[in-house]
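Here are a few exercises to work through with the model open in your viewer. Try each task before you read its solution.

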Amino acid sequence: MYDFKRRVYEVVEASHVGDASSKAYDILMTTAVIVGMVPLTLKQDNPFTIAIEIATCLIFLIDYVARVYTADYKMGYKSFKAYIAYLFSPMAIFDFLSIVPIVSLFLPGSVILRLLKLFRVFRVLKLVRYSKTTIIIANVLRKVKKQLIAVLILIIIYIFVSAMLIFQLEPTLFDTFLDALYWATISITTIGYGDITPQTDMGQFITMISALVGVAVIALPTGMITAAYMNEISKTKTKYEL
Amino acid sequence: MGKKDNKNVLIHDDGTIVDNKSTQTLIFVVLCRILTVCLALLGLAAFIKGNF
């Protein structure tokens with residue numbers, strides 16, 4: 001018997017070679033995501049943006065319903081729990097949030113509902129499903145998660161320590177500790193806007209140390225991600241060669 | 001157990017084979033492409049009207 005549900009699942013998931021329906025659906029969804037972001041590039045809505053909002057939200061709503069309907073296939077087990085588990089999965093939450101902006105069309109005066117329009121940015125996460133490269137990057141980030149968290153903790157500790165030092169050494173330069181934290185972050189990332197510059201010798205010395213440490217610490221995650229990415233790429237190549 | 005009949009395929013008296021699944025796929029693909037083009041045009045129109 002023709003399994004309609006299974007076919008719906010095959011179409012809404014990323015396409016396989018030779019599946020014309022799934023490929024056409026993927027292209028439609030990718031276009032809907034990109035076009036759905038256009039209103040965020042404009043200062044004011046116009047009749048076209050309203051049409052875009054209605055069309056994209058309807059498409060995303062149908063996509064969401066189809067994905068919930070086929071959740072048992074996605075989760076790999078046929079039970080009511082599969083639907084509940086799917087509804088609370090990160091991708092399903094992003095799918096739901098991408099539909100929310102349509103509410104703002106019906107209640108245009110509300111400030112909170114205007115903020116709901118910002119939920120459009122979540123739509124870009126829907127693209128993750130359709131890009132193999134993005135899936136590889138997501139896998140890479142998952143693999144080096146512990147190391148990245150360790151570096152992040154190191155950076156946060158360093159920012160706090162240097163902010164506390166400069167806050168004590170240059171009391172006239174900073175009104176609040178938040179200003180010192182801002183200066184420490186800008187220095188360690190080697191951005192250096194120059195809006196806050198230390199005046200004392202000790203302050204300038206700490207700035208120099210921050211800049212040097214920043215170069216070393218900020219470069220660490222880049223190296224880790226690159227190494228893991230190259231590893232993942234070589235694994236994929238080996239898999240195809242075998 | 002015997003092999004199930006494929007009810008999606010209709011064989012006419014003159015030998016012409018009409019596969020329902022192929023027709024449904026074609027309709028779905030054409031609909032998706034039309035929607036894609038319409039959306040792309042809407043996006044372009046909105047961007048031009050809003051920025052120029």
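**Exercise 1. Where in chain B is confidence lowest, and where is it highest?**

Some ground rules to begin with. This is a predicted model, where local features need pLDDT of at least 70, side-chain atom pairs count only at pLDDT 80 or more, and totals for chains, interfaces and linings use all residues. Residues are numbered from 1 along each chain as its sequence is written, while chains are lettered from A and ligands numbered from 1 in the order in which they are written.

Step 1. Take pLDDT, the predictor's confidence in each residue, from 0 to 100. For chain B its mean is 81, with 81% of the residues at 70 or more.

Step 2. Go element by element (helices are DSSP runs of H or I, at least four residues; strands are runs of E, at least two; both are numbered from the N terminus). Strand 2 of chain B (residues 17-19) has the lowest mean, 69, and helix 1 of chain B the highest, 91.

Step 3. For the complex, the predictor gives an ipTM of 0.73 and a pTM of 0.70.

**Exercise 2. Describe how helix 3 of chain A packs against helix 1 of chain B.**

Step 1. Get the geometry from lines fitted to C-alpha atoms over the stretch in contact, with angles from 0 to 180 degrees between N-to-C directions. The angle comes out at about 145°, and the axes are 8 Å apart.

Step 2. List the contacts (C-beta atoms, placed from the backbone, within 7 Å). Helix 3 of chain A brings A:Phe48, A:Thr49, A:Ala51, A:Ile52 and A:Ala55, and helix 1 of chain B brings residues including B:Leu39, B:Leu42 and B:Lys49.

Step 3. Zoom out to the chains: their contact takes 21 residues from chain A and 19 residues from chain B.

**Exercise 3. Which residues have the most contacts inside the largest nonpolar core?**

Step 1. Buried means 20 or more other C-beta atoms within 10 Å, exposed 12 or fewer, and partly exposed in between.

Step 2. The largest core has 19 residues, and A:Tyr25, A:Leu28, A:Met29, A:Ala32, A:Val35, A:Ile52 and A:Phe60 have the most contacts inside it.

Step 3. Helix 2 of chain A gives the most, seven residues.

**Exercise 4. Is A:Leu152 buried or exposed?**

Step 1. Find A:Leu152 in helix 10 of chain A (residues 145-169).

Step 2. A:Leu152 is exposed, because 12 other C-beta atoms lie within 10 Å.

Note on methods:
Core = buried A, V, L, I, M, F, W, Y, C linked by C-beta atoms within 7 Å. Contact = placed C-beta atoms within 7 Å.
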